[in-house]
Amino acid sequence: MSQKHEAPSPDRDRLNLQADCANCFGLCCVALPFAASADFAVDKGAGQPCTNLQADFRCGIHAGLREQGFPGCTVFDCFGAGQKVSQVTFDGQDWRQAPRTARRMFEVFPVMRQLHELLWYLTEALALPPARPIHSELRRALNDTERLTLSSAESLAETDVAALRSDVNALLLRTSELVRAGVPGRKKNHRGADLIGARLQGADLRGANLRGAYLIAADLKNADLRAADLIGADFRDADVSGADLTGSIFLTQAQLNAAKGDAATKLPPTLTRPTHW
């Protein structure tokens, strides 16, 4: 289907990269599979609507997801991909009224979600003054990725997301190095480390590399994580009560939602304190 939408400026507000469930056709509740576990109470296959999805595409147990065994739903973030697929890629045609669109829509949604995640990281990188030496490259990558999100469903389905992620990741890593270089002293390197249940209370992790680290149930109370690279770090049940996350790099709302914190946890201005804290 034809696309007449122009890519917005890379200086746009991040609101465009936040989920707007009111303008989405419940895609995360249908397109994605999940298995019965600590995160989900039941099994659900890809393309199968969740039994809690209502006719208006809203969740029937949204207010009590954690209590009813669906904490995994509360930490998921589509980065605005749901409304992009629903309202832009498919021009507001929902999969119930136009069943012929369902298969392709559910196929495109995970692709769009990854593209929007990259847009989130690139937008943040462009807002970081230390990364100014590579701002032109970051801006080019952002514009190229944005153009992809505005292409047809068929083109999106054929996108080589792995190759794109690899290229963007190289830029994000350079951004991280430039930002963390401004932190004095020797920085800790815990990239991809197994820190499950680690006792890091009060730890000085300023400028640390925690990319992809497993911080599940780690004790990070009162830890200093300023300027730490947190991209892809697993914060499930990590305790960040009183921790300082201001200035941390590439932290997402989904990571915060998966963690435990309190009113004393210091957050970046672009993120919000989870209600369950």
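Predicted model: local features only at pLDDT ≥ 70, side-chain atom pairs only at ≥ 80, totals over all residues.

Me: Is isoleucine 61 buried or exposed?

Reply: Burial is judged from relative accessible area, with under 20% counted as buried. Isoleucine 61 has 13% relative accessibility and therefore counts as buried. Leaving aside residues up to four places away in sequence, isoleucine 61 touches Asn52, Gln68 and Phe70.

Me: How much confidence does the predictor place in the chain?

Reply: The mean pLDDT of the protein chain is 93, and 95% of its residues reach 70 or more. Residues 1–12 call for caution: pLDDT stays under 50 there, and the model has 29 contacts beyond four places in sequence for them.

Me: How many aromatic pairs does the structure hold?

Reply: The structure holds seven aromatic pairs. One of them joins phenylalanine 34 and phenylalanine 70, with 6.3 Å centre to centre and 80 degrees between the planes, an edge-to-face arrangement. This pair links distant parts of the chain: both phenylalanine 34 and phenylalanine 70 are in the segment before helix 1, 36 residues apart. Phenylalanine 34 counts as buried because its relative accessibility is 12%; phenylalanine 70, at 6%, counts as buried too.

Me: Why is the pair of tryptophan 95 and phenylalanine 106 called edge-to-face?

Reply: The angle between the planes decides, and a value over 60 degrees counts as edge-to-face. Here the ring centres of tryptophan 95 and phenylalanine 106 are 5.6 Å apart and the planes meet at 70 degrees, so the pair is edge-to-face. It also links distant parts of the chain, since tryptophan 95 is in the loop between helix 2 (81–89) and helix 3 (102–126), while phenylalanine 106 is in helix 3, 11 residues apart. Both residues are buried.

Me: Which charged residue sits over the ring of phenylalanine 34?

Reply: That is lysine 44, whose charged end lies 5.7 Å from the ring centre of phenylalanine 34.

Me: How many disulfides does a search of the whole structure find?

Reply: A disulfide is a covalent bond between the sulfur atoms of two cysteines. The search of the whole structure finds zero disulfides. For cysteine 24, the closest cysteine sulfur is that of cysteine 78, at 6.2 Å, which is too far for a bond. Cysteine 24 is buried, with a relative accessible area of 12%. For cysteine 28, the closest cysteine sulfur belongs to cysteine 29, at 3.9 Å, and this is likewise too far for a bond. Cysteine 28 counts as partly exposed because its relative accessibility is 33%.

Me: Which residues have the most contacts inside the largest nonpolar core?

Reply: In soluble globular proteins, nonpolar side chains tend to be buried together. The largest nonpolar core here has 73 residues, and those with the most contacts inside it are Leu27, Trp95, Leu210, Leu215, Leu220 and Phe235. The elements giving two or more residues to this core are helix 2, helix 3, helix 4 (135–149), helix 5 (153–157) and helix 6 (161–180). Helix 3 supplies the largest share, 15 residues. Apart from this core lies another, of six residues, among them Phe40, Cys50, Leu65 and Phe70.

Key. Residues numbered from 1 in each chain as written. Heavy atoms only, no water. Buried < 20%, exposed > 50% of the residue type's maximum accessible area, 1.4 Å probe, protein only. Contact = heavy atoms within 4.5 Å. Phe/Tyr/Trp six-rings, centres within 6.5 Å; stacked < 30°, edge-to-face > 60°. Helix = DSSP H or I, 4+ residues; strand = E, 2+ residues; numbered from the N terminus. Lys NZ or Arg CZ within 6 Å of the ring centre and 35° of its normal. pLDDT = per-residue confidence, 0-100. Disulfide = S-S within 2.5 Å. Core = buried A, V, L, I, M, F, W, Y, C linked by side-chain atoms within 4.5 Å.
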